[in-house]
Amino acid sequence: KGKVSKNVTVYSDDPDTPTYKVSISGSVVEEVSVNPERVDFSKVPFESGATRNISVKSETDFKLKIKKIDSTNPNIEAAFEEVKDKNEYIVAVSLKKDTDYGRINGNILIYTNSKNQEKLTIPVYGEVIGDISVYPPRISCGSVKQNKEMAFPVFVMVYNDDVKIERVEANPKFINAEINEMESKRKTYKVMITLQKDAPLGKINGGLKIFTNSKTQPIVEIPIIGTVVMES
């Protein structure tokens, strides 16, 4: 969408003009526009829910109608209301209050009467946070060669000043975990997960447990997956 400019080069056997350039320019206008084009809930406190509004409107003389709206995530809902005399709809995208901790992602699917844009896909993302949040939410080691030590970081952010990380545990026994507090405006910890050299061949199905004094998140678990392969 927007202003477009392209060049086409024509090659021929004309001895005077063996190459000739043609310029093409114009403006691509959407029949239906969405603003914003994605919904970012950012960080939503647990059990608080959140709502973001998006505008869906016609950019031409076309009379827009929204037929229905679907969501690919059961924790994300959407409802629409027509704005009178503006050929526009306001779509309210809501995150349910009982959504569990962790990252949120999904799509809102808007079906219209436009032949060119029958279905609009609106990405939705964010994170429901409690006293702490972790990143990444799981560790994928990929394929690790036997007899080679590998380390992977996990970052733990604390949003409640009264909450402390008491200890961390990793399993199985060939995985070690060491935690250190980082210098940051927000209380942040870095947990280094180390896969030892003596890890046996085969799939890794382990996990990291973070123990806290939080009443709502006393234990946070992070899966650790991967495969130890023979060294070539």
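Here is a short chat about the predicted model shown above.

Trainee: Before we start, what should I know about the ground rules?
Mentor: Residues are numbered from 1 along each chain as its sequence is written, and side-chain values use heavy atoms, leaving out hydrogens and water. The model is predicted, so local features need pLDDT of at least 70 and side-chain atom pairs count only at pLDDT 80 or more, while totals for chains, interfaces and linings use all residues.

Trainee: Thanks! How many helices and strands does the protein chain have?
Mentor: Zero helices and 18 strands, taking DSSP runs numbered from the N terminus (helices are H or I, at least four residues; strands are E, at least two).

Trainee: And why is the chain called more spread out than a compact globule?
Mentor: Because its radius of gyration is 26 Å, well over the 17 Å from the globule rule for 232 residues. That radius is taken over C-alpha atoms, and the rule is 2.2 Å times the number of residues to the power 0.38.

Trainee: What does the C-alpha trace span along its principal axes?
Mentor: About 70 × 60 × 35 Å.

Trainee: Switching to strands, how do S9 and S10 pair?
Mentor: S9 (residues 102-112) runs antiparallel to S10, over ten bridges; strands pair if DSSP finds at least two bridges between them. The two form a hairpin with six residues between them, and Tyr111 stands opposite Lys119 in S10.

Trainee: Which sense does S10 take with S4, parallel or antiparallel?
Mentor: Parallel, with five bridges linking S4 (residues 39-45) to S10 (residues 119-129). Val39 has Val124 in S10 as its bridge partner.

Trainee: Last one, how much of the chain is buried?
Mentor: 34% of the 232 residues, where buried means under 20% relative accessible area, exposed over 50% and partly exposed in between (1.4 Å probe, protein chains only).
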